[in-house]
Amino acid sequence: MAAGTGWKLPFTKGVGHFRAGKYQEAIDCFSEALTIGGDEATIYDSRAAVYQKLGKLKEALNDAKAAIDSQPDHWKGYARSARLFLQARKFDAATRMVELALERLPLDQSRQREDMAALRGQIDTAQDAARKVLSQRAYHFGKLPVEIAATMFSMVLEEDHAYVVVLAQVCKNWRTTILGIPAFWETLVLGKNRAKRKVKLWRERARDRFRHLTMLETFTESDFRPTLQELSAVTWSILRVLEFHGSHWNAIRSQLPSLDSTVFASLDSLTLQFPPIQSVRLCLDDTPAFAWRHLRLANAYILDSSDLAKRIAKLESLAIDNCPVGVQWNSFLHILHRNPNIARLEFANTNPALTQTIPEDEEEPPSVITLPHVARIDIKSSDVLANDLLPRLITPSLDALHIAMHRQRLDRCMTWLAAGQASRLTSLSIQRSPITATALIDVLMAASALESLQVTHVCEVAPRILKFLATPIEVAAPSPTQDDEGIRGDGGANEPVRRVPCPVLRHIDLSHCTDLSASPLIALVKSRLSEAQSPVVEVDDSEGAQSSSPQVHPLESINIDGCPNVDADVLPWLRAKVPSVSCVYLTKKNAAWKR
């Protein structure tokens, strides 16, 4: 056999072994052919194909490179390299090899050129898929500027500041960011768990600058003294929110001298909640004014209420719970009068004194108090407060009134509402409080903006209320306009118009009104269905032109829990017409009771 063709026999055997799947035998034959000597480019390319099948990409790339080195102007070595780089996910190198292969492919070899174009398409597709996966797995948060990351964390912590510990444990990057921003640690809450250790840690992270301090009732006396000793070195110049729940208030004021009267007067929000009723003084020096905007007192008897009333004038919310204000009622009224920016009032277990003597050196409170910004009033568990306080108020912005467990019948309160205070009311709730249907109807007549009505645990009210709400009423039309000479354009006629009460009512809760039946409910729902309403003609005061009033809004929710007289057969119809209907006759506990 001639030396120049002796390599072909092992090469042919190697091709046969490759096609038969005998890859190691094929490699041995191609290696023998290289030893004998022959067309190195073809042999190296063939052996590279075998290595590729075996997944030995390094050896395959070495053979592909050897094929290119032996014949740089031949396209096959570059094509083989392109496929190997694609398998190795080196997409840029694979693309470059395809380009080099196309440069060397003759134009008349169209099939091979099509194969190379298809290979380039595969490379592009694989590269796009890899970029997509990388984008999904990439840690984009780590590339954010610290300022943006801090803003995002702040938005989360606004809802619940306790998340600061959770966020700091997510990953190293988050922890570094959160620990490096003292503002995230300016809220200190002390309870029963390692209070002293927490103070030491928070002082380091907040750099001794606390904006919000809360002491829970579980902050026990055993942790009390060592913790306060740790806090004694803190300067409270930026403290704005102070919440205390417990019985050691006076001791805290004495053992934290840095929490002085200046800091106390500069607070934005103060909460004092004592377990039993405790007497306290809030005005400890001659500080002329307090900056408080939010004040919440529970079980607190304020010994210097008269002085306090003279020093606070910026309140936006006031909450009183079980504070014996009876003998201090005049001081309390002065607080309301001197804080016209109050937007929310909350009272629980609070009653005014039936009679009270005004000291000679104290000014008598005004009989009428104007609170132009009050939007919500909550009264719970009182004897006469709603009837005694509310009629003294002028509240042009009142949006929500919630009364629960009021022992005296709400006659004066309802009269006050009906006289004009209900005009902007959107939410009215009366729970477990005696009231007459007539008084409530007078209020509903005036509450044209009412969206939510809750009347629960009362009798002889719900059926009449539903009947009223389902029946259009006649109201006087606005007076027609006059021309420049004072002549009425319609000859003086002023026909009444019919209007459905509370046309935008969306939610109604009549739970535990045991005398409620199905028929008034059905009538109410039908009257509120938008397709059943015809436009109501009204007169525009400014132009004298007629226009249609807004159509009645259909009901969105009805709660009739604990109303056993509502026939179950009507519930499918109600649920078909109203998106949310709750009707639970009995609790699980009561339903399980047997004689």
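Student: At what angle do helix α19 and α20 pack, and how far apart are their axes?
Tutor: Helix α19 (residues 437–446) packs against α20 at about 30 degrees, with 9 Å between the axes. Axes here are lines fitted to C-alpha atoms, for helices over the stretch in contact, and angles run from 0 to 180 degrees between N-to-C directions. Helices are DSSP runs of H or I, at least four residues, and strands are runs of E, at least two, numbered from the N terminus.

Student: Parallel or antiparallel?
Tutor: α19 is roughly parallel to α20, because angles under 35 degrees count as that, over 145 as roughly antiparallel, 65 to 115 as roughly perpendicular and the rest as oblique.

Student: Which residues make the contact?
Tutor: From α19, A437, T438, L440, I441, L444 and M445; from α20, R464, I465, F468 and L469. Contact means heavy atoms within 4.5 Å.

Student: How was this model made, and what counts?
Tutor: The model is predicted, with local features needing pLDDT of at least 70 and side-chain atom pairs pLDDT 80 or more, while totals for chains, interfaces and linings use all residues. Residues are numbered from 1 along each chain as its sequence is written, and side-chain values use heavy atoms, leaving out hydrogens and water.

Student: What does α21 pack against?
Tutor: Its buried residues pack against α20 (462–470), β16 (507–509), β19 (557–559) and α22 (571–577).

Student: Which residues of α21 are buried?
Tutor: In α21 (residues 518–528) they are A518, P520, L521, L524, V525, S527 and R528. Buried means under 20% relative accessible area, exposed over 50%, and partly exposed in between, with a 1.4 Å probe and protein chains only.

Student: Different topic. How many disulfides are there?
Tutor: Zero, from a search of the whole structure. The cut-off is a pair of cysteine sulfur atoms within 2.5 Å. C513, for one, is in no disulfide, and the nearest cysteine sulfur, that of C563, is 5.8 Å away.

Student: Is C513 buried or exposed?
Tutor: C513 is buried, at 0% relative accessible area.

Student: And R47, buried or exposed?
Tutor: R47 counts as buried, at 13% relative accessibility. R47 sits in helix α3 (residues 40–54).

Student: What is R47 in contact with?
Tutor: Neighbours within four places in sequence aside, R47 is in contact with I27, F30, S31, L34 and D63.

Student: How many helices and strands does the chain have?
Tutor: There are 23 helices and 20 strands. Of the 595 residues in the chain, 43% are buried.
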